[in-house]
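Student: I am new to this structure. Can you show me how to read it, feature by feature?

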Amino acid sequence: MRAIVTGMGYFTPKTRLSNHDLERMVDTSDEWITARTGIKERRILEKGKGTSYMAVRAARSLLAGRNIPADEIDMIIVATVTPDMPVPATAAFVQREIKASNCGGFDLNGGCAGFVCAFSIASQFIETGKYKKVMVIGADKMSGIIDYEDRNTCVIFGDGAGAVLLEPSEEEDEGVRDFILRLDGSGADMLRVDAGGSLHPATRETVEKKMHYVFQDGKAVFKHAVKGMADVSGRILDENDLSPDDMGLLVPHQANIRIIDAVSKKLDLPSEKVAVNLEKYGNTTAATIPIALAEAYEEGKIEKGDWVVISAFGAGFTWGSALFKWAMDKP
């Protein structure tokens with residue numbers, strides 16, 4: 001029994017923050033941002049709404065597209081670094097709002113690699129036969145933890161949510177074939193949020209020192225991201241006796257166009273085999289891969305029988321990839 005993707009949904013806020021908007025906020029320019037990141041705009045969720053607001057709408061989009069009631073869902077896994085609050089889990093808010101009355105669920109923090117981690121875990125729930133329908137959501141409101149006076153981070157991140165549904169299939173020639181998950185804590189200081197946890201609980205001092213915002217050593221993260229994503233993407237093909245020529249689509253984490261281009265070059269993949277949408281949304285952290293996957297499917301870039309690789313790198317450092325054969329017919 002293998003886990004297959006049977007449904008998808010996503011949500012992005014209406015408000016757009018363009019490069020030209022950022023020119024009026026920090027010392028930057030559209031040319032500088034585009035050349036270094038490939039991003040033209042990002043979506044921003046309004047104040048007073050949390051990550052669960054987007055996750056719920058991605059889940060509802062999935063359920064409507066799959067044409068199933070929420071009470072058929074057995075498990076909800078939400079990958080996020082921006083939960084609505086420390087307790088309870090964002091998954092609880094999603095379950096409550098979509099009225100999934102027969103499921104379990106939890107949140108997972110894997111940084112930008114969170115969706116790959118959650119997807120891999122969900123596939124195991126399916127393959128063991130324990131559950132029949134597992135919803136995996138990647139969602140982040142990055143605007144809530146970004147300092148819009150720091151041009152090193154505010155030009156990169158945006159808000160969004162994407163969801164996929166995994167179900168079992170008896171067909172051995174389709175579905176999730178393999179995954180690779182890696183962790184290296186020596187990179188923990190290079191991409192982090194210092195305060196808000198048990199080490200540095202929120203105080204007036206932590207707020208005044210801007211310790212609740214994302215810090216990133218961009219050059220160091222870039223170097224490790226290229227190596228890590230290229231390694232796990234290539235290795236998962238090698239370990240399954242596949243070559244880049246066999247691939248239908250690579251769906252990489254949408255962090256920076258230079259990272260995506262470098263990984264594609266190392267794998268010798270043509271541009272038509274690589275999903276890219278970061279120019280519209282920026283880096284939505286755990287949401288980048290499910291949003292890009294859903295859009296690629298809508299645009300006809302994936303067909304039934306195609307090999308798909310998803311690959312990501314994020315804080316921790318965490319990184320990983322998953323390989324699966326597409327089982328859905330054209331939309």
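**Reading the model step by step**

Tutor: Start with the record. UniProt, in an unreviewed entry, lists "domain: Beta-ketoacyl-[acyl-carrier-protein] synthase III C-terminal" for residues 237-326. Keep in mind that this is a predicted model.

Student: What is the make-up of the chain over residues 237-326?

Tutor: Over that stretch the chain is 31% helix and 24% strand. Its end C-alpha atoms lie 15 Å apart.

Student: Which residues does the "domain: Beta-ketoacyl-[acyl-carrier-protein] synthase III N-terminal" annotation cover?

Tutor: That UniProt annotation, also from an unreviewed entry, covers residues 106-185. Here the chain is 22% helix and 39% strand. The end C-alpha atoms are 23 Å apart.

Student: How is the protein chain divided into domains?

Tutor: The division gives domain 1 (3-168) and domain 2 (175-326). Their centres, taken over C-alpha atoms, are separated by 14 Å. To the contact, domain 1 gives 51 residues and domain 2 gives 46 residues.

Student: How much area do domain 1 and domain 2 bury between them?

Tutor: First the general idea. The size of an interface is often given as the accessible area lost when the parts come together. Now this case. Domain 1 and domain 2 bury about 3,700 Å² between them. Of that, 67% is on carbon and sulfur atoms. On the domain 1 side, Met8, Tyr10 and Cys112 supply 18% of the area buried against domain 2, more than any other three residues.

Student: Is H5 mostly covered or mostly open, and how many of its residues are buried?

Tutor: Mostly covered: ten of its 14 residues are buried. Among them are Gly114, Phe115, Val116 and Ile126. Just after H5, glycine 129 takes a positive phi of about 85 degrees.

Student: Now a single residue. Where is aspartate 30 found?

Tutor: Aspartate 30 sits in helix H2 (residues 30-37).

Student: Why does aspartate 30 count as buried?

Tutor: Buried means under 20% relative accessible area. Aspartate 30 has 9% relative accessibility, so it counts as buried.

Student: Which residues is aspartate 30 in contact with, leaving aside neighbours within four places in sequence?

Tutor: Those residues are Asn19, His20, Glu23 and Lys40. With asparagine 19, the aspartate 30 side chain makes a side-chain polar contact at 2.9 Å.

Notes
Residues numbered from 1 in each chain as written. Predicted model: local features only at pLDDT ≥ 70, side-chain atom pairs only at ≥ 80, totals over all residues. Heavy atoms only, no water. Buried < 20%, exposed > 50% of the residue type's maximum accessible area, 1.4 Å probe, protein only. Helix = DSSP H or I, 4+ residues; strand = E, 2+ residues; numbered from the N terminus. UniProt positions renumbered as here; feature names shortened; annotations may be inferred. Polar contact = N/O pair within 3.5 Å; in protein donor to acceptor, adjacent residues only side chain to side chain. Contact = heavy atoms within 4.5 Å. Domains from an automatic or database assignment. Buried area = accessible area lost by both parts, 1.4 Å probe.
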